[in-house]
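Hi everyone, thanks for coming.

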Amino acid sequence: MPRLGEPRIDVDSCESTQTLLDTSLPEGAVVVADYQTAGRGRLGRTWEAPPGTAILCSVLLKPPPERVVPQLSLVAGVAVADAIERTVGLSVQLKWPNDVMLRRRKVAGCLAEARDGAVVLGIGINVNQTREQLPDGAGSLRTLAGREWDREALLSAVLEDLDARYRAWLGGGLDAVYEGLGPRDFLRGRQVSVNGTRGVVSKIDREGRLEIEVGHGELVTVESGEVRYER
Ligand code: BT5
């Protein structure tokens with residue numbers, strides 16, 4: 001497999017980088033946009049960033065068909081956390097299933113979508129937005145770490161870390177990247193409600209599911225869903 005990040009397609013503007021990768025391209029192909037007019041989140045939500053402020057990219061992956069696609073959002077989260085920590089020097093948490101958190105604010109989101117037997121892995125990182133340019137609850141590296149950052153250098157770090165973490169995951173599953181995930185678990189110990197299940201998060205398990213203690217030591221495992229948590 002070639003290094004992730006090659007070939008690279010750069011565009012000034014597009015609807016969403018998620019739709020620009022033809023699955024006939026080689027694994028590792030990446031598209032990078034300066035601006036998206038219809039950036040996508042999960043569950044029909046949008047992802048918004050003014051031109052020239054954020055990292056907006058999608059990577060084409062071709063894991064074996066039996067692999068669990070949503071785990072790739074977590075693998076990407078680990079890589080983004082590694083890269084931000086290396087660059088900025090602040091510790092980063094991961095909020096299941098796909099949010100990257102810095103100082104309790106969402107600074108990045110990952111989106112793994114299966115398409116034609118491949119996976120398009122989208123990553124959006126808020127880098128140089130000002131507070132006024134961010135939605136409620138969000139932060140950027142600029143608002144949280146006090147200065148502007150070089151987007152190109154951070155993107156290189158993300159692709160390098162993603163390359164290493166993805167190869168590890170291909171070889172050994174989520175277990176092989178778990179040391180980058182478990183200790184960064186933002187929800188652990190928090191009171192949450194997910195799909196009607198309420199309780200205290202015990203952990204992200206080694207399959208990438210959220211394990212919740214619902215009382216008297218009874219554990220419920222959630223595969224996907226929207227988490228509400230108490231601050
Ligand atoms: C995600 O969705 O967190 C996945 C976001 C993936 C975005 C990338 S950008 C490159 C690639 N191309 C795309 O079209 N998408 C991917 P979700 O968990 O649904 O979070 C969406 C929610 O985050 C929104 O409803 C807002 O509340 C919030 N949000 C929107 N824009 C944001 C931003 N720039 N930063 C932080 N939160 C944002």
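How much space lies in the second largest pocket? About 380 Å³. Before we go on, keep in mind that this is a predicted model.

Let's stay with that pocket for a moment. Its lining has 19 residues, and Pro70, Gln71, Pro97, Glu223 and Ser224 are the ones nearest its centre. Helix H1 (71-88) and S8 each put at least two residues into that lining. By class, you get 9 nonpolar, 6 polar and 4 charged.

Now for the largest pocket, with a volume of about 940 Å³. It's lined by 39 residues, and closest to the centre are Arg45, Trp47, Asp99, Lys106 and Glu226. Among the elements giving two or more residues to this lining are strand S7 (99-102) and strand S14 (227-229). The lining splits into 13 nonpolar, 14 polar and 12 charged residues.

So where's the ligand? The ligand sits in the largest pocket. Strands S3 (39-40), S4 (46-47), S5 (54-61), S8 (105-115) and S9 (118-126) each give two or more residues to the shell around the ligand.

That shell has 27 residues, the closest being Ser16, Arg40, Arg42, Arg45 and Asn126. Let's zoom in on some contacts. A backbone N or O atom of Arg40 is 2.6 Å from a ligand oxygen, and a polar backbone atom of Arg42 is 2.7 Å from an oxygen of the ligand. With Asn126, a side-chain N or O atom lies 2.7 Å from a ligand nitrogen. On its own, the ligand exposes 790 Å², and the protein buries 89% of that.

Terms used. Residues are numbered from 1 along each chain as its sequence is written. This is a predicted model: local features need pLDDT of at least 70, side-chain atom pairs count only at pLDDT 80 or more; totals for chains, interfaces and linings use all residues. Side-chain values use heavy atoms; hydrogens and water are left out. A residue is near a molecule or strand if one of its heavy atoms lies within 4 Å of it. A polar contact is a pair of N or O atoms within 3.5 Å; within protein, one must be able to donate a hydrogen and the other to accept it, and residues adjacent in sequence count only if both atoms are side-chain atoms. Accessible areas come from the Shrake-Rupley method with a 1.4 Å probe; for residues, only the protein chains shown count as cover. On a 1 Å grid over the protein atoms alone, a cavity is a set of points where a 1.4 Å probe fits but cannot get out, and a pocket is an open set with protein on both sides within 12 Å along at least five of seven lines; lining residues have an atom within 4 Å of a point. A molecule sits in a cavity or pocket if more than half of its atoms lie within 2 Å of its grid points. Helices (H or I, at least four residues) and strands (E, at least two) are DSSP runs, numbered from the N terminus. Grid points are joined across faces, edges and corners, and a volume is the space filled by probe spheres set on the points. Ala, Val, Leu, Ile, Met, Phe, Trp, Tyr, Cys and Pro count as nonpolar, Asp, Glu, Lys and Arg as charged, and the others, Gly among them, as polar.
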